[in-house]
Amino acid sequence: MKNLEHPDKFVNRHIGPRENQLEEMAKCCKVGSVDDLIEQTIPGQIRLSDELKIKPAVSEHTLIENLKKIASKNKVCKSYIGMGYHPVIMPSVIQRNILENPGWYTQYTPYQAEIAQGRLEALLIFQTVVSDLTAMEIANASLLDEGTAAAEAMLMFYSLRRGDKKDANVFFVSEECFPQTIDVLKTRAHPKGIELRIGNLEDVELSDDIFGILVQYPSGNGEIKDYSGLFKQADQKKIFKVVAADLLCLTLFKPPGEFDADAVVGSTQRFGVPMGFGGPHAAYFATKEAYKRSVPGRIIGISVDVQGNSAYRMALQTREQHIRREKATSNICTAQALLAIIAAMYAVYHGPAGLKAIAERIRRFACMLDLALKDFGFKQLNKNFFDTLFIETDEEKINEIRNEALERKINFRYAGKNKIGISINEATEVDDVSELIGLFAKVSGNIVNENIMQLLFERTKDGCRDFLQRASEYLTHEVFDSYHSETEMLRFLKKLENKDLSLAHSMTPLGSCTMKLNGTTEMLGISWSEFADIHPFASEEQTV
């Protein structure tokens, strides 16, 4: 039967020794086979006595067919859950030429700057996007996710306690932060002996034992809040202030750097990176110049080569991460480089005007929906908002809404028994807003005017309530105003790619440990909607 197997096997297509090479290596080791070598070198008491109970290998074609069957079990619904994860539109030129391009996804950590100039430039652009939008002085080249970034900020400021704050061990966290972030903070705080105090910002007493605070902007429920008063009180108590911020929101609203945040963290997922059932996504970490020696991860900078030309390099990593590890403030010495580059190029492709237009459209849709829901008699709790409405109603009405939404393959956030969160996103269209209005009209017994979308558009033409609007400029460097056509963008990406060494050119001269040697077939599924467009808080019935 073996003769009937397809001759094109995965093992023969990928780097690895062939049978004749194994025989030659065995002879050099003066053994009969690899099995003999293992027999002589690995003690018998720690080896398995039985064969591994794994199924026979399948062809790459069969693997993809099996993966499609698994993917089909996931139910892709329109997601308005929010909470840090949103449907996006990844530009095709970025998907094809970065995410699905081995010239980008097989590159190794840029320790050797001379073979990583393209990637280093792209990561410097990422840092510029983050520092500009947050209005902070410096930013690193990304972290693993928003929860990790928040935990790293907590640990960094814990290590920076001085004077009468040296013994303070409480980190106060707003209860309106995302639950997934709070969970990570709990995990990371415990080994350090940090007391995590989670509570309401309205009632918080900034006692002397608090060394830092974390707030969400907008809050986890979607409310835009002015933290300037709280931060002034914190300054008087020598308390570090951390803001977890929605980066797209900062194109419209006052950035945390302008109300004196000490660090700003968050996710760049909204910049063209699919939800992917929760990740991976590139987090960002921005702070003040004064804390640069304690920043986790790496910072890319510009230097000059021996000819005097500009050259990019990894300018700063805290040396304790590699050398004096017992003194380290962080064990993070990596970056979510591929996804950070996607986010950076999303900003380059759209430019400041394009990003602002995307954000304004999202907010306009949210304002239109807000008016419609209030007309229908619903209580919308957020006075100032960017993209998220938070609705309070009775439990019976919640169940009606849930059932009607599921019929239409729509996911909302259900908070407790009497509240619903609805977060508008980049992928939301006019017809989607109309569908949402129709849904709430039906469950509330209202009749929808056939011209309702035009009427709501007219009622919101002057925008939503003017609150904490951003006045400062951002993304003023020429790179953000140069590559707005697909052809221009394609050439820019290829120009950067050609400055790098990847597996598209040769074997990487350093060790590799992530996705560098994954077969192409193994990676095809990451851009399928059944995996990419699933929200991490979608119900179990919708996810495998």
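1. Charge. The protein chain carries 64 positive and 74 negative side chains. The centres of the two sets lie 3 Å apart. Each charge is placed at NZ of Lys, CZ of Arg, CG of Asp or CD of Glu.

2. Basis. This is a predicted model, in which local features need pLDDT of at least 70 and side-chain atom pairs count only at pLDDT 80 or more, while totals for chains, interfaces and linings use all residues. Residues are numbered from 1 along each chain as its sequence is written, and side-chain values use heavy atoms, without hydrogens and water.

3. Fold content. The protein chain has 17 helices and 15 strands. These are DSSP runs, numbered from the N terminus: helices are H or I of at least four residues, strands E of at least two.

4. Dimensions. The C-alpha trace spans about 85 × 65 × 55 Å along its principal axes.

5. Burial. Of 544 residues, 49% count as buried, meaning under 20% relative accessible area (1.4 Å probe, protein chains only).

6. Contacts. Take contacts (heavy atoms within 4.5 Å) between residues at least 6 apart in sequence. Of these, 75% join residues at least 24 apart.

7. Domains. The assignment, automatic or from a database, gives domain 1 (92–348 + 485–507) and domain 2 (352–460). Their centres, over C-alpha atoms, are separated by 31 Å. The two do touch: 16 residues of domain 1 are in contact with 20 residues of domain 2.

Definitions and conventions: Buried < 20%, exposed > 50% of the residue type's maximum accessible area, 1.4 Å probe, protein only. Lys, Arg positive; Asp, Glu negative; His and termini not counted.
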